[in-house]
Amino acid sequence: MSECEVNETEPVVAADIPPVASAAATTDLNFRSEDPLSTLFDRNTVGSGSNPGVAVRISGSCESVLTELETDGSGEEALLLPCLSGGTSSPRGERQKRTRRNRRSSSSDKDNLTSPGNSSGDFNHFPGDPEFGDIIQRAEQAIEGGVFPERISQGSSGSYFVKDSKGKILGVFKPKSEEPYGHLNPKWTKYFHKLCCPCCFGRGCLIPNQGYLSEVAASHVDTRLGLGVVPKTKAVYLVSETFHYNTIDRAKSRGKKYALEMVPKVGRHFHRVGLPPKLGSFQLFVEGYHEADYWLRRFEAEPLPENIRKQLQSQFERLVILDYVIRNTDRGNDNWLIKYEKSGEGEGEKVSCVCAIQIAAIDNGLAFPFKHPDEWRAYPFHWACLPQAKVPFSQETRELVLSRLSDMNFVQDLCEDLYEMFMADKGFDKTMFEKQMSVMRGQILNLSQALKDNKTPIQLVQMPRVVVERSRTGGQGRVVTLGTAFTQTFHCKRPFFSSW
């Protein structure tokens, strides 16, 4: 099933549109659920010089690891890292700070050149989330100890299970350079699709190689709306010999390591020894979950108790809200998970069963399009085929998100948070980002109206597709003015392959 198109003969009543845009010009925010995200790309220790797959900065060098990422030709993207206070600091300022720290270190201690513990990567640092920072540190220590990330066979990109020193899975790391159309994607089939069948594969409505940011942004939207269905996801740097590097990077790593061992005076001038760190999204691993398709088939054969059915319906509605707001183009029943637990209490014959059900929305890398799908494929929400999609949104769900979605100040704050995230990418385009936010505002406008009208999820996806953008003169199509700040445009172009 795909999205419903606009009926050209159906009149558009401006009075039915919620007056959300008029509040955009006010400066007094009515609602703030959380403090805005202050730091996206943080820094901590990365790697060790004792391992060929781990990077280490030489103590005598006055250049930073980030500097070499920009100049060594490795192909890894260089980013502008926001400072800890939430602002954006210049690379020059960061370079000067690291240079001063380096000057304090002793350049005459030759043992530091090959010391396994002498690593000062300054990449991953999470002052606002020490628990997440501890997990990343455990992952880095495991890589230093030889427990490398394991590539996941499923999917169309390079993604990895990251483990601790005992082999327990901590999270899933998806490097930017190994995304479906990344230049280091180890799975060649996507290159074949892109070159030979561009009309049938790929997503022309998405900005290429921003999947890792989409993962992080989806987690942030989930947190701001209080949905609790996306495992915590942040952008991190990791390096491992099991990642997919090109031949030049591996040859340079071997050559530097050999030169460092054989001619320490020459090796002292290297910025870094080892493979370059990779930037990507790190999503915490959730245990005890199965693919939704597995449980949904079981629930058809074994109906759930009424209280558990209501729990599942509530969790399902949160998934719907998340996917609709971010306009996920890849939500099949194989990339959202369900955890169903039963635990017995009591003794003898008096045993009561305590049940709980939880949904986890993973694989959010193909979201935040800059336009609604309108070329070849519609990319529908597959959950719209489920029986749960025919039930109106519950009062609990409306109370959870409606007040936030109806507040244009909250929506604008959310857009600004996402701006801080996406602008850190080297390929950031402000014009394209504004188009992404125009689509998201339109989705939020539709969703808030559907919640007010007590509609079902299937009725929600059948609503006309809307784009809410900043006011411009000479707009095309059917435009309804929403105050003086934004205009609402109905997107009427249909994809070539569409079932509705």
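Colleague: Let's start with P369: where is its place?

Modeller: P369 sits in the loop between strand 10 (350–361) and helix 10, where helices (H or I, at least four residues) and strands (E, at least two) are DSSP runs numbered from the N terminus. This is a predicted model, in which local features need pLDDT of at least 70 and side-chain atom pairs count only at pLDDT 80 or more, while totals for chains, interfaces and linings use all residues. Residues are numbered from 1 along each chain as its sequence is written, and side-chain values use heavy atoms, with hydrogens and water left out.

Colleague: Is P369 buried or exposed?

Modeller: P369 is buried, with a relative accessible area of 1%; buried means under 20% relative accessible area, exposed means over 50%, and partly exposed is in between, using a 1.4 Å probe and protein chains only.

Colleague: And what is P369 in contact with, leaving aside its neighbours within four places in sequence?

Modeller: With those neighbours left aside, P369 is in contact with C205, L206, I326, R327, K435, Q436 and V439, contact meaning heavy atoms within 4.5 Å. P369 and N328 are also 8.1 Å apart in space, C-alpha to C-alpha, and 41 residues apart in sequence.

Colleague: Which phi does R327 have?

Modeller: R327 has a positive phi of about 50°, although it is not a glycine. R327 is found in the loop between helix 9 and strand 9, and it is buried, with a relative accessible area of 1%. F368, in the loop between strand 10 and helix 10, also has a positive phi, near 55°, and F368 is buried at 2% relative accessible area. For background, most residues other than glycine have a negative phi.

Colleague: Changing topic, how many aromatic pairs does the structure hold?

Modeller: The structure holds 18 aromatic pairs, where rings of Phe, Tyr and Trp (its six-membered ring) pair if their centres lie within 6.5 Å, and planes under 30 degrees apart count as stacked, over 60 as edge-to-face and the rest as tilted. One of them joins F161 and F285, whose ring centres are 6.0 Å apart with planes at 90°, so this pair is edge-to-face. F161 lies in strand 3 (residues 160–163) and F285 in the loop between strand 7 (278–284) and strand 8 (290–291), so the pair ties together parts that are 124 residues apart in sequence. F161 counts as partly exposed at 23% relative accessibility, and F285 counts as partly exposed at 33%.

Colleague: How is the pair of F316 and W336 arranged?

Modeller: F316 and W336 form a tilted pair, 6.4 Å centre to centre with 55° between the planes. The pair links distant parts of the chain, 20 residues apart, with F316 in helix 9 (residues 306–326) and W336 in strand 9 (residues 336–347). Both F316 and W336 are buried, and ring pairs link F316, Y324, W336, F381 and W383 into a cluster.

Colleague: Which ring does the charged end of K278 sit over?

Modeller: The charged end of K278 sits over the ring of Y245, 4.8 Å from its centre, and that of K234 sits over the ring of F132, 5.9 Å from its centre. The criterion is that NZ of Lys or CZ of Arg is within 6 Å of the ring centre and within 35 degrees of the ring normal.

Colleague: Now the helices: which residues of helix 10 are buried?

Modeller: The buried residues of helix 10 (residues 395–405) are T397, R398, V401, L402, R404 and L405. They cover an arc of only 165° around the axis, which puts them on the same side of helix 10; the arc is that of the directions from the helix axis to the C-beta atoms. Their cover includes helix 5 (211–225), helix 9, helix 11 and helix 12 (430–452).

Colleague: What about Q412, which residues does it touch?

Modeller: Q412, in helix 11 (residues 408–422), touches R441, R470 and F486, not counting residues up to four places away in sequence. Q412 is buried, with a relative accessible area of 17%.

Colleague: Last one: how many helices and strands does the protein have?

Modeller: The protein has 13 helices and 13 strands, and buried residues make up 51% of its 500 residues.
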